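Load the model in a viewer and keep the sequence panel open. The stops below can be selected one after another.

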Amino acid sequence: MDFKEAFEMIKDYEWFYEINDVGVSLTLGGKGILALKFTPDGTIDFPTNVGFIPPECHRWDFDEQQQKILVYGVQGEVEQTLSLPVREGATLVMDAYGKHEHFCVWDAIFKKSNFQVAPDPQSDHGSMILAYQYDNQTQLGQLVENLGLNVHCLDENPQTWQGIQEIFDYLIEHPYLKKSCDYV
């Protein structure tokens, strides 16, 4: 695989930093969660509203011989070596070699993560997370708030018949959501 093929695998995604086995994301300057967007010219963009640009994520390249993604700092040194993405359930993951961290894409929930304000719930591009016992103080709650996603709290557990019925009723009443709902 070459640079172009590797870019095809990682483009169009916003890769969120996460510490393995803990599920903790990193916020920068208290402003936003660290996420990277890889660009075709080898630079790195930051799609969320971070408080500052981390100097260890300046640009990227692909090592064809090792089949690894290299992340360079502002001084030109390799700061991280990442695996090619692999699918783990509904998540794409790139592991950082030699570190207890990875970058991941939560396809189902965060595909529209660049929204900084909540989408208009009356529009066709509205998104909704249907959550049971949702708490905005949890990590999911912080992500939802930072990413401007809408949440509807379910009264019933979606693993019960009543919960499934509640979800169906909500979708029938809100046809503008179409296929943009996620259930947690």
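Which residues are exposed on the other side of helix 4? Select Trp161 and Ile172: both are exposed there. Bear in mind throughout that this is a predicted model.

**Helix 4**

Now select the buried residues of helix 4, which are Gly163, Glu166, Ile167 and Tyr170. Looking down the axis of helix 4, you will find these buried residues within an arc of 100°, so they line one face of the helix. Then check the length of the helix, residues 161-173. Its 13 residues, at 1.5 Å a residue, should span 18 Å, and the end C-alpha atoms are in agreement with this at 18 Å apart.

Move on to an open sheet of three strands, whose order is 6-7-8 and whose pairing is antiparallel. Strand 6 (59-63) and strand 8 (78-82) are at the edges; each has a single partner strand, so one side of each has no neighbour in the sheet. On average, and ignoring direction, neighbouring strands here are turned by 25° against each other.

Select strand 7 (residues 68-72) together with strand 8: four bridges join this antiparallel pair.

Next, show the loop between strand 6 and strand 7, where Gln67 lies. Gln67 is not a glycine, yet its phi is positive, at about 60°. Its relative accessibility is 26%, so Gln67 counts as partly exposed. For background, most residues other than glycine have a negative phi.

**Helix 1 across the sheet**

Within helix 1, select Ala6, Phe7 and Ile10, which are buried. Around the axis they cover an arc of only 100°, which puts them on the same side of helix 1. What do the buried residues of helix 1 pack against? Strand 1, strand 4, strand 6, strand 7 and strand 10 are their partners.

Follow the chain into the loop between helix 1 and strand 1, the place of Asp12. The phi of Asp12 is near 65°, again a positive value in a residue other than glycine. With 62% relative accessibility, Asp12 counts as exposed.

**Strand 1 and strand 4**

Strand 1 comes next: four of its five residues are buried, so the rest of the structure largely encloses it. Strand 1 and strand 4 run antiparallel and are joined by two bridges. Show Trp15 and, opposite it in strand 4, Leu36.

**The cores**

Finally, display the largest nonpolar core, which has 23 residues. Within this core, Phe38 and Ile69 have the most contacts. Elements giving two or more residues to this core include helix 1, strand 1 (15-19), strand 4 (35-38), strand 10 (91-95) and strand 11 (101-106). Helix 1 gives the most, with three residues.

Centre the view on Ile69. Beyond its neighbours within four places in sequence, Ile69 is in contact with residues including Ile10, Phe38, Trp60, Phe62, Thr81, Leu82 and Met94.

Apart from the 23-residue core lies another core, of five residues, among them Met128, Leu130, Leu154 and Ile167. Ile167 returns the tour to helix 4, where it is one of the buried residues.

Definitions and conventions. Residues numbered from 1 in each chain as written. Predicted model: local features only at pLDDT ≥ 70, side-chain atom pairs only at ≥ 80, totals over all residues. Heavy atoms only, no water. Expected span 1.5 Å × (residues − 1). Buried < 20%, exposed > 50% of the residue type's maximum accessible area, 1.4 Å probe, protein only. Arc of directions from axis to C-beta. Pairing = 2+ DSSP bridges. Axes fitted to C-alpha atoms, helices over the stretch in contact; angles between N-to-C directions. Core = buried A, V, L, I, M, F, W, Y, C linked by side-chain atoms within 4.5 Å. Contact = heavy atoms within 4.5 Å.
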